[in-house]
Amino acid sequence: MKDSNSKEIDSITSEKEINIDNFSRDELLEMLSKMILIRNAEYKIAKGREFGLVGGPVHLGVGQEAIPVGISQYLNNQDKVFGAHRSHSHILSLGIDLKSFFSEILAKSSGISKGMGGSMHLFGGSVGFCGSVPIVGGTVPLAVGTALASKLKEEKVVSISYLGDGAIEEGIVHESLNFARINNCPVIFVVENNLFSSHLNIKLRQPKKLTYRFAKANDIESKVLDGNNLTSICKTGKEFIRRCRDGEGPFFIEALTYRWFGHVDWREDIDVGINRSADDLKYWKKRDPILRLKKSLLKENYFGENHLINLEKDIQKDIDNAWVDALGESSPEWNESLDYVFKSNYK
């Protein structure tokens, strides 16, 4: 039983080039660079985890890069973005310093959470990233809270709540959807539906593979998109963000995608996942969001192949340098956890 070749998925996703009309060369170059940076940074982390340089679990989102890059393109540093446990792409797409990001993953004092949080506890106030946590669905009500605050303060600040198809099954998410709609909060729920909650296929958890029906149940306007089509994400993200700033909201985006690695760490997990097979992975790799954008750029003569090759080399050099610099940073002392994690005067 495979999901990859179902009519429902085939009707929404594609392996074809994407439509880049109405996007400038510079804008596309910027977004392509971000996607390559996110992917190659995650490959670096995967190797670091495999060879023991990274302690603790890391949840990689390789294959899902188009979603946060398309959304982040229209945000500013005053907006509030909340992630979950698979949030490397969310904070990198907002432009966080790469060395500080790697330092956090490597548990160094110079990390963005002072090396105390690691992969799943990221924070980047300077770029509007309000945090990621491993508690499934835990940040969704927080995003609604910041959206309500911005509405009461009459600001034009938008909150983004990233969640997966597994989180949609948490009760707090449904309370959040209802509360956001009742109070017309300027928040956009972005469901990265990669069809799996940990190792369990959505087909074995839900009567339908798509989750937007929960938005409809709460009278929230929604769109279901090919999450591997960058410009499709951009168009809807731009519209919903503008309308939130104009006092509308909430909105709900469901972006169909697939993660190339398994639930956690560097393995593909095609042997332990339920209904996750080598054929499924091959099917989705043909829908690679980066490859599809590259094909479109080459077809429309925006760039030559050499330009793209040199672009990737430059990005990889930046990643390698940031990784080496982060490895050379010092680790926090054990007693520093009393300053940042535990309360030292607790009685």
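Visitor: Where is the place of Phe-342 relative to helix H13?

Guide: This is a predicted model, in which local features need pLDDT of at least 70 and side-chain atom pairs count only at pLDDT 80 or more, while totals for chains, interfaces and linings use all residues. Residues are numbered from 1 along each chain as its sequence is written, and side-chain values use heavy atoms, with hydrogens and water left out. Phe-342 sits in the segment that follows helix H13, residues 337-340 (a helix is a DSSP run of H or I with at least four residues, numbered from the N terminus). Phe-342 counts as exposed because its relative accessibility is 53% (exposed means over 50%, buried under 20%, partly exposed in between, with a 1.4 Å probe and protein chains only). Together with Leu-338, Tyr-340 and Val-341, Phe-342 forms a nonpolar surface patch whose accessible area is about 410 Å² in total (Shrake-Rupley method; members have over 30% relative accessible area and no salt bridge, and nonpolar side chains are joined within 5 Å; a salt bridge puts a Lys or Arg side-chain nitrogen within 4 Å of an Asp or Glu carboxyl oxygen).

Cys-185 is in none, and the nearest cysteine sulfur to Cys-185, that of Cys-244, lies 9.7 Å away; Cys-185 is buried, at 0% relative accessible area. Cys-234 is likewise in no disulfide, with the sulfur of Cys-244 as its nearest cysteine sulfur at 16 Å, and Cys-234 is buried, its relative accessible area being 0%.

Note on methods:
Patches are made of residues with over 30% relative accessible area and no salt bridge: like charges are joined within 9 Å, nonpolar side chains (Val, Leu, Ile, Met, Phe, Trp, Tyr) within 5 Å. Accessible areas come from the Shrake-Rupley method with a 1.4 Å probe; for residues, only the protein chains shown count as cover. Helices (H or I, at least four residues) and strands (E, at least two) are DSSP runs, numbered from the N terminus. A disulfide is a pair of cysteine sulfur atoms within 2.5 Å.
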